[in-house]
Amino acid sequence: MLQGTGSSVGKSLLVTGFCRVFAQDGYRVAPFKAQNMSRNSGVTPDGLEIGRAQVAQAQAAGIEPEVEMNPVLVKPEENATAQLVSMGKMAGKLQAYEYMTRREVLWQNIKDSLNSLRSRFDIVVIEGAGSPAEINLRAGDIVNMAVALYADAPVFIIGDIDKGGVFASLYGTNALISDEERALVKGFIINKFRGDPSLLSSGLDQLRELTGVDVIGVVPYFTDVYVPEEDAPVEARRSDSGVEDEHVEIAVIGLPRIANFDEFDPLARIGGVRLRYVREASEFGNPDLVILPGSKVTVADLEFVRSSGIERQIRRHLWDGRALMGICAGLQMLGNTIRDPLGIESDRPEVQGLRILDVDTEFVGEKVTVRTDASVVADSGLLAGASGVKVSGYEIHVGVSESGGGATRSMVSMQRDRAVGYSDTTGRVFGTYMHDLFKNEEFTERVVNNLARMKGIEGLAESEPFSQDAEFDKLAAHLRRHIDFAAVYESMGLPMGVS
């Protein structure tokens, strides 16, 4: 089990790498995180919702994601409220103080899920959350040492040296857990190191003397491996690829509750594309395409678009004849009205949308979580020349949108003859419920080249060769160089590789 001295120390990334290493060594391996708190989620083949990080970790292990890999998902909303997803299904809203009232049921689901994975896989790589040493939360723990004790799992604690204070963090974490828990700790890993490792030697020796625990790895900071982030801040997603003179500029609105932002990363790998995030009206500039992304709380983020002055900038952008796209909640915001008669998201039964795309949305009780294959049926504006192009992705939404006379179906699900995308009469405004569209290379290159032609540039889009499997392999190779995997295998009582 990989735990951390705090949040954002690299647990998810290292679990991904461990899964790849074990899979390369011939083991059947699966990831597991008892409870994930993130707005980024994905969909399993059977239509259940789990954390996005566990989807990536399953891919690194060479298997399909399943709900047992993340039985509890908490999706923060606002005012200390979160949506609870239990065993892949929406299970209502919770205030922070109410969470403990669900502990018994959630803990049983966690144990059942872990038992299921352990019965089917040789190795289960368990990820903790935050820190196991949060003394105010330890009584209700269902994700850190409670899981380690239940599974009798060897634990490796990760510290982030880039933040400073890594020795104090590792020592303090080890000191604040119980003797029984401390007995499970088999090693420390120092992550995100910059500089000469020899400078750490005296500190590593002292830490071993103080705790009796070895540092089994010092992992250098690296940026040349792409793995989707679990819940990184928008500022960390800025990207600038392409040339100085002729380029297409794409601006994603950095909503306060933005969700599933990793779906825009493929745009940064296209030559001549500049991708950036806009959180203030003053940052808007003159992009060629503006994207309203997904959001965990549509109405609240719509109010942000209005109050921040970004709505005025969007209308100026459209007046200048430029393109606009909305994805999931972004599609809902572009429409005429958002109705919420059941109070699923807010206490406002109806709010006015931006009235840019002629669709109306109503929040209903059943949440759509499904993988979707679709065909483009439009052939103008942003989607010129794309008619007949097949795309695949996933949907996670509560609202159902219906088009009026001013919006036409531009993308249709191949499984259920149902519109999953709409365009306006000019073809410059496009909205869809499908996430991961930009991972479809043919679709993405057509959209980017259409943007280039609108700007008077020809032959711009050339996707850089990309293989997610190759990225996982690079991550595994990096970890093998800097972590003592012989010690990891020894802690599990397994040989290094199977025939």
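## A cavity and the salt bridges around the fold

The structure holds one cavity of 30 Å³ or more; here a cavity is a set of points on a 1 Å grid over the protein atoms alone where a 1.4 Å probe fits but cannot get out. This is a predicted model, in which local features need pLDDT of at least 70 and side-chain atom pairs count only at pLDDT 80 or more, while totals for chains, interfaces and linings use all residues. Residues are numbered from 1 along each chain as its sequence is written, and side-chain values use heavy atoms, with hydrogens and water left out.

Let us start with the space itself. About 50 Å³ lies in the largest cavity, a volume being the space filled by probe spheres set on the grid points, which are joined across faces, edges and corners. Which residues line the largest cavity? They are Arg 52, Val 55, Ala 56, Gln 59, Pro 228, Lys 439 and Gln 468, each having an atom within 4 Å of a point. Helix α2 supplies the largest share of this lining, with four residues; helices are DSSP runs (H or I, at least four residues) and strands likewise (E, at least two), numbered from the N terminus. By class, the lining has three nonpolar, two polar and two charged residues, where Ala, Val, Leu, Ile, Met, Phe, Trp, Tyr, Cys and Pro count as nonpolar, Asp, Glu, Lys and Arg as charged, and the others, Gly among them, as polar.

With a side-chain nitrogen of Lys or Arg required within 4 Å of a carboxyl oxygen of Asp or Glu, the count comes to 33 salt bridges.

| Asp 262 | Arg 52 | 3.2 Å |

Asp 262 is buried at 0% relative accessible area, and Arg 52 is buried at 8% (buried means under 20%, exposed over 50%, partly exposed in between, with a 1.4 Å probe and protein chains only).

Asp 162 is partly exposed at 40%, whereas Arg 194 is exposed at 51%. Asp 179 and Arg 182 both lie in helix α6 (residues 179–182), three residues apart, about one turn of the helix. Arg 182 is partly exposed at 25% and Asp 179 exposed at 61%. Elsewhere, shared partners join Glu 303, Arg 306, Glu 311, Arg 315 and Arg 348 into one salt-bridge network.

Conventions. 1 Å grid on protein atoms, 1.4 Å probe; cavity = no way out; pocket = protein on both sides within 12 Å on 5 of 7 lines; lining within 4 Å.
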